[in-house]
Amino acid sequence: MLYVRGVILNTLPDVSERYSYKIPFYHIGKKPLLYLNILKGRDYVDIAFVQGVLLEKEFPLLKNDNQRKQVRSIQLKALEDLDQEQFVSLLQTAANHIRHSTRSWFL
(Lines give C-alpha, C1' and ligand atoms only; values in the text may rest on other atoms or scores of the structure.)
Protein backbone atom coordinates (compact mmCIF):
# COMPACT_ATOMS: atom_id res chain seq x y z
CA MET A 1 0.00 0.00 0.00
CA LEU A 2 2.88 2.37 0.74
CA TYR A 3 4.24 1.98 -2.78
CA VAL A 4 0.81 2.71 -4.31
CA ARG A 5 0.46 5.70 -1.96
CA GLY A 6 3.83 7.02 -3.16
CA VAL A 7 2.83 6.70 -6.82
CA ILE A 8 -0.44 8.55 -6.15
CA LEU A 9 1.24 11.41 -4.28
CA ASN A 10 4.05 11.76 -6.85
CA THR A 11 1.72 11.63 -9.85
CA LEU A 12 -0.89 14.05 -8.49
CA PRO A 13 0.77 16.82 -6.46
CA ASP A 14 -2.59 18.55 -5.89
CA VAL A 15 -4.20 15.47 -4.32
CA SER A 16 -4.94 15.56 -0.60
CA GLU A 17 -4.93 12.49 1.61
CA ARG A 18 -7.60 12.15 4.30
CA TYR A 19 -8.65 9.24 6.45
CA SER A 20 -12.32 8.29 6.53
CA TYR A 21 -13.71 5.02 7.87
CA LYS A 22 -10.11 4.18 8.93
CA ILE A 23 -8.89 4.00 5.32
CA PRO A 24 -6.98 6.51 3.16
CA PHE A 25 -9.04 8.55 0.70
CA TYR A 26 -7.46 10.79 -1.92
CA HIS A 27 -9.30 13.97 -2.94
CA ILE A 28 -8.98 16.55 -5.69
CA GLY A 29 -10.32 19.67 -4.06
CA LYS A 30 -13.24 18.43 -1.98
CA LYS A 31 -14.17 15.59 -4.33
CA PRO A 32 -13.04 12.04 -3.56
CA LEU A 33 -10.95 10.46 -6.28
CA LEU A 34 -9.99 7.06 -4.89
CA TYR A 35 -9.37 5.07 -1.74
CA LEU A 36 -7.21 2.15 -0.67
CA ASN A 37 -8.73 -0.71 1.26
CA ILE A 38 -7.86 -4.20 2.45
CA LEU A 39 -11.06 -6.21 2.63
CA LYS A 40 -11.53 -8.94 5.21
CA GLY A 41 -11.07 -12.40 3.80
CA ARG A 42 -9.41 -11.11 0.63
CA ASP A 43 -5.77 -11.43 -0.34
CA TYR A 44 -5.42 -8.14 -2.21
CA VAL A 45 -5.39 -4.37 -1.81
CA ASP A 46 -8.44 -2.74 -3.38
CA ILE A 47 -7.50 0.47 -5.24
CA ALA A 48 -11.01 1.86 -5.68
CA PHE A 49 -11.84 4.77 -7.97
CA VAL A 50 -14.98 6.54 -6.75
CA GLN A 51 -16.19 7.45 -10.27
CA GLY A 52 -14.58 4.41 -11.87
CA VAL A 53 -17.66 3.63 -13.94
CA LEU A 54 -16.66 6.58 -16.16
CA LEU A 55 -13.21 5.07 -16.72
CA GLU A 56 -13.86 1.34 -17.20
CA LYS A 57 -14.13 1.44 -21.02
CA GLU A 58 -10.79 3.21 -21.39
CA PHE A 59 -9.14 1.14 -18.63
CA PRO A 60 -10.44 -2.45 -18.72
CA LEU A 61 -8.22 -3.38 -15.76
CA LEU A 62 -10.88 -1.74 -13.53
CA LYS A 63 -13.22 -4.34 -12.07
CA ASN A 64 -16.75 -4.12 -10.71
CA ASP A 65 -16.25 -6.03 -7.46
CA ASN A 66 -19.31 -6.54 -5.23
CA GLN A 67 -21.65 -5.08 -7.89
CA ARG A 68 -20.99 -1.45 -6.94
CA LYS A 69 -22.85 1.22 -8.91
CA GLN A 70 -20.08 3.81 -9.42
CA VAL A 71 -16.90 2.42 -7.89
CA ARG A 72 -14.49 0.37 -10.01
CA SER A 73 -11.24 -0.96 -8.66
CA ILE A 74 -7.93 -2.66 -9.23
CA GLN A 75 -7.31 -5.70 -7.05
CA LEU A 76 -3.58 -5.74 -6.37
CA LYS A 77 -2.17 -8.98 -4.95
CA ALA A 78 1.54 -8.20 -5.47
CA LEU A 79 3.57 -5.16 -6.53
CA GLU A 80 4.69 -7.08 -9.60
CA ASP A 81 1.06 -7.10 -10.78
CA LEU A 82 0.95 -3.29 -11.01
CA ASP A 83 1.69 -1.81 -14.43
CA GLN A 84 2.97 1.55 -13.19
CA GLU A 85 2.69 3.31 -16.57
CA GLN A 86 -0.93 2.29 -16.97
CA PHE A 87 -1.68 3.14 -13.32
CA VAL A 88 -0.18 6.63 -13.71
CA SER A 89 -2.25 7.17 -16.86
CA LEU A 90 -5.37 6.00 -14.99
CA LEU A 91 -4.63 8.38 -12.11
CA GLN A 92 -4.16 11.34 -14.45
CA THR A 93 -7.33 10.57 -16.41
CA ALA A 94 -9.40 10.09 -13.24
CA ALA A 95 -8.06 13.35 -11.77
CA ASN A 96 -8.91 15.22 -14.99
CA HIS A 97 -12.49 13.88 -14.81
CA ILE A 98 -12.78 15.17 -11.24
CA ARG A 99 -11.23 18.55 -12.10
CA HIS A 100 -13.54 19.08 -15.07
CA SER A 101 -16.64 18.04 -13.15
CA THR A 102 -15.63 20.45 -10.35
CA ARG A 103 -15.17 23.37 -12.75
CA SER A 104 -18.48 22.82 -14.54
CA TRP A 105 -20.21 22.53 -11.15
CA PHE A 106 -19.23 26.09 -10.25
CA LEU A 107 -19.74 27.68 -13.69
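In this predicted model, 5 strands form an open sheet. Their order is S1-S2-S3-S4-S5, and the pairing is antiparallel. Strand S1 (15-20) and strand S5 (72-76) stand at the edges. Each has a single partner strand, so one side of each lacks a neighbour in the sheet. From one strand to the next, the twist averages 25°. Strands of a sheet pair through backbone hydrogen bonds, in either a parallel or an antiparallel manner.

The pairing of S1 with strand S2 (residues 23-28) illustrates the arrangement. The two run antiparallel and are joined by 6 bridges. Within this pair, Glu17 stands opposite Tyr26 in S2.

Strand S4 (residues 45-49) contains Asp46. Asp46 is buried, because its relative accessible area is 1%, under the 20% cut-off. The side chain of Asp46 makes a polar contact with the side chain of Gln75, at 3.4 Å. Residues up to four places away in sequence aside, Asp46 touches Tyr35, Leu36, Asn37, Leu39, Arg68, Ser73, Ile74 and Gln75.

Helix H1 spans residues 2-11. The buried residues of H1 are Val4, Val7, Ile8 and Thr11. These residues lie on the same side of H1, because they cover an arc of only 100° around the axis. The face turned away from this buried side carries the exposed residues Leu2 and Asn10.

Note on methods
Residues are numbered from 1 along each chain as its sequence is written. This is a predicted model: local features need pLDDT of at least 70, side-chain atom pairs count only at pLDDT 80 or more; totals for chains, interfaces and linings use all residues. Side-chain values use heavy atoms; hydrogens and water are left out. Buried means under 20% relative accessible area, exposed over 50%, partly exposed in between (1.4 Å probe, protein chains only). Helices (H or I, at least four residues) and strands (E, at least two) are DSSP runs, numbered from the N terminus. The arc is that of the directions from the helix axis to the C-beta atoms. Two strands pair if DSSP finds at least two bridges between them. Axes are lines fitted to C-alpha atoms, for helices over the stretch in contact, and angles run from 0 to 180 degrees between N-to-C directions. A polar contact is a pair of N or O atoms within 3.5 Å; within protein, one must be able to donate a hydrogen and the other to accept it, and residues adjacent in sequence count only if both atoms are side-chain atoms. Contact means heavy atoms within 4.5 Å.
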